[in-house]
Amino acid sequence: MTTPADARTSSTDPIVITGCGWVTPLGDTLDGVWKRMLNAQSGAAAIRGFDASTFPTTFAAEVDPGWSPSGLKHPKLHETAGRHTRFALGAASRAWEQSGLDGFDGLDRERLGLYLGAGEGTIDLEHYVSTTLAAWDADAGAVDARAWAAEALRQFDADREVEQEPNMPLTHLALEFGAMGPASNCLTACAASTQAIGEACAVLARGEADVMLSGGAHTMIHPFGVTGFNRLTALSNRNDSPETASRPFSADRDGFVMGEGAGILVLERRSHAEAREAEILAEIGGYGATADAYRITDIHPEGRGAAAAMRQALEMAGLEPAGVDWIAAHGTGTKENDSIETRAIKSVFAGADGADLAAVPPVSSIKSMLGHLIAAAGAVQAIACVLAIRDGVLPPTANLTTPGPECDLDYVPNEARRKPVTAALSNSFGFGGQNNTLLIRSAQSG
């Protein structure tokens, strides 16, 4: 009988990665961003996209506000695209170019699919506020709904309203690449693009597509987004030193740094990639997906869902914990996440009592440099795993001088480390207890 694990991957025809692309606060070239990460450079600075001077948090890790994708084959189709969609287009174009599919005549576009974990784009706050004020009924002490609708029709730009939706990156990628196969988008908060990659692998393993473009894109660096996370007390308020504000696992961490961007991977079955003589960058060996079923916002304090996702990914890959060389942590820099993720990792790797710390592989968080790309974070982490395998080097956890007392693992502090990597785990844990883990390994080790 076929199990869910069998449906997602196969040891005889595994799912492989043949292209990677990203758009990040540190740039948009694969090796350029990687070099900056290995040098522990930060993408955080004062917010430029809007006036945040009166906000509790005045900084973020932004993509250059003037950035736009280059090399698109159908630019006129994307003239109204939202900021998050432009990120997705830029990342996908680079991944597509690396994969060699641009010059491959044998691709059946009806078997080219998409699975994204994309979030929303920039909201038109100015016209939303002015519409609401114009529709305010002072006598009733409430907004007049009919007046609001009429004013919205007058003020809102229809293209902008449609284009900020989370499903629009999927639409534009389908247009750009002529993808007529399976198409899905999930939005499971910070776990979204890791989940999308895992589910895209399942689509390929079931034989429903030959190639999948998968990953995510997101921007929440707008007044609503920053206000929301400020009210949740989730953001760092280290306004005097933005570049050192993201400090996962540190004793003095005070929240995450908002980031934005996209990461896209080209996924294929190995047999398909080999038939077209593509360069295989790495293999998706395993995938885990769980829910905490605990609270609407909080993760389970023992990290039970996170640990279960890691175990699932290892089991699917047929790999013992000792076979993992590096863990790309979710590592947000919040008090709760870092301590709970540490606890979950120890429960999987450090023995039944969690005491064998020497058995735990090095752990590091690239969010210490990129900020938290929310829905896009997991895909960007997955690409970092591919590059760590390629180069035999671990990116550091920046800004880590004194770990928190409950954070007692090797977090690769402040400096990149040379280390052969044949298998890496990438963790993504969404707000409210969505947990997803990928096991990415060398194409030669599967």
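Glu260 lies in strand 9 (helices, H or I with at least four residues, and strands, E with at least two, are DSSP runs numbered from the N terminus). This is a predicted model, in which local features need pLDDT of at least 70 and side-chain atom pairs count only at pLDDT 80 or more, while totals for chains, interfaces and linings use all residues. Residues are numbered from 1 along each chain as its sequence is written, and side-chain values use heavy atoms, with hydrogens and water left out.

Q: Is Glu260 buried or exposed?
A: A residue is called buried under 20% relative accessible area, exposed over 50%, and partly exposed in between (1.4 Å probe, protein chains only). Glu260 has a relative accessible area of 1%, so it is buried.

Q: Which side chain does Glu260 join through a polar contact?
A: A polar contact is a pair of N or O atoms within 3.5 Å; within protein, one must be able to donate a hydrogen and the other to accept it, and residues adjacent in sequence count only if both atoms are side-chain atoms. Here the side chains of Glu260 and Arg83 are joined at 2.8 Å. Leaving aside neighbours within four places in sequence, the contacts of Glu260 include Val23, Glu62, Phe87, His218 and Leu373.

Q: How many aromatic pairs does a search of the whole structure find?
A: Rings of Phe, Tyr and Trp (its six-membered ring) pair if their centres lie within 6.5 Å; planes under 30 degrees apart count as stacked, over 60 as edge-to-face and the rest as tilted. The search finds 9 such pairs. In one of them, the rings of Tyr128 and Trp148 have centres 6.1 Å apart and planes at 70°, so the pair is edge-to-face. It links distant parts of the chain, with Tyr128 in helix 4 (residues 125–134) and Trp148 in helix 5 (residues 145–155), 20 residues apart. Tyr128 is partly exposed at 34% relative accessible area, and Trp148 is partly exposed at 25%.

Q: What parts of the chain does the pair of Phe229 and Phe256 tie together?
A: This aromatic pair is edge-to-face, at 5.2 Å centre to centre and 75° between the planes. Phe229 lies in helix 9 (residues 223–231) and Phe256 in the loop between helix 9 and strand 9 (260–269), so the pair ties together parts that are 27 residues apart in sequence. Phe229 is buried at 13%, and Phe256 is buried at 6%.

Q: Which residues of helix 2 are buried?
A: An α-helix has 3.6 residues a turn, so residues three or four places apart point the same way. In helix 2 (residues 30–38), Leu30, Val33, Trp34 and Met37 are buried. They cover an arc (taken from the directions from the helix axis to the C-beta atoms) of only 100° around the axis, which puts them on the same side of helix 2. Among the elements covering these buried residues are strand 1 (15–23) and helix 3 (83–99).

Conventions. Contact = heavy atoms within 4.5 Å.
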